[in-house]
Amino acid sequence: MKKFGFFAVIALVLMSFTNPITGYKVGAKAVDFKLKSVDGKMYSMADYKNAKGFIVVFTCNHCPFAVKYEDRIIALAKKYKPLGYELIAINPNDPAAEPSDSFDLMKVRAKEKGFTFPYLFDEGQKVYPQYGATKTPHVFLLDKNLTVKYIGAIDDNVDDATAVKEHYLENAITALDKGQEPSPATTKAIGCSIKVKK
């Protein structure tokens with residue numbers, strides 16, 4: 001029994017040093033990525049030298065929540081790109097777990113919807129755990145120095161864009177553009193869980 005107790009303590013100590021990444025909190029400095037987009041090119045935030053900030057959206061093809069937000073994501077990209085805020089969409093799902101989120105079908109979806117922003121594939125699922133994304137969609141607003149300023153939902157109404165009362169992401173971008181801290185800086189992302197190969 002004593003031997004078991006000793007090994008249990010050792011296991012707990014080792015676990016304390018090997019906790020999985022829990023993701024970024026507001027105020028953290030994000031690490032840049034380099035991922036392949038549906039146009040066949042590799043993209044990173046470093047490519048946008050004059051950007052005032054980045055809207056990083058973890059989304060996908062199949063999730064009904066992500067689909068409901070697609071038109072709003074497209075509108076956000078068109079509205080804020082001229083103001084210096086680059087929207088980058090990332091599909092975090094493993095196609096082995098969700099075949100409808102394959103890279104080939106991402107290309108089809110982007111063409112169907114007329115995406116005007118990079119739609120990147122998180123091959124090997126290395127980026128989304130760094131961010132701490134758990135849902136599709138899940139949004140991270142970064143300033144030009146890649147400091148995280150807002151994390152969470154796009155707005156407060158998944159089902160009806162015309163009935164939105166709180167435009168969380170847009171309010172956060174407006175605050176950032178004025179040199180202010182977004183409030184709220186975090187909201188709960190509503191969507192499908194990210195699909196991982198078992």
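Trainee: Which residue of β7 does F58 stand opposite?

Mentor: F58 stands opposite H138 in β7. Keep in mind that this is a predicted model, where local features need pLDDT of at least 70, side-chain atom pairs count only at pLDDT 80 or more, and totals for chains, interfaces and linings use all residues. Residues are numbered from 1 along each chain as its sequence is written, and side-chain values use heavy atoms, with hydrogens and water left out.

Trainee: What makes β3 and β7 a pair of strands?

Mentor: Strands (E, at least two residues) and helices (H or I, at least four) are DSSP runs, numbered from the N terminus. Two strands pair if DSSP finds at least two bridges between them. β3 and β7 (residues 138-143) are joined by 6 bridges and run antiparallel, so they meet that definition.

Trainee: In which sense does β3 pair with β4?

Mentor: With β4 (residues 85-91), β3 pairs in the parallel sense, over 6 bridges. There, V57 stands opposite A89.

Trainee: Why is β3 called largely enclosed?

Mentor: Buried means under 20% relative accessible area, exposed over 50%, and partly exposed in between (1.4 Å probe, protein chains only). In β3, 6 of the 6 residues are buried, so the rest of the structure largely encloses this strand. Both faces are covered: G53, I55 and V57 are buried on one side, and F54, V56 and F58 on the other.

Trainee: Why is the disulfide of C63 and C192 called right-handed?

Mentor: The torsion about its S-S bond is about 85 degrees, so the disulfide is right-handed.

Trainee: What does this pair tie together?

Mentor: C63 lies in the loop between β3 (53-58) and α2 (64-80), while C192 is in strand β9 (residues 192-193), so the bond ties together parts that are 129 residues apart in sequence. Both C63 and C192 are buried.

Trainee: Why does C60 count as buried?

Mentor: C60 has 1% relative accessibility, so this cysteine counts as buried.

How values were computed: Disulfide = S-S within 2.5 Å.
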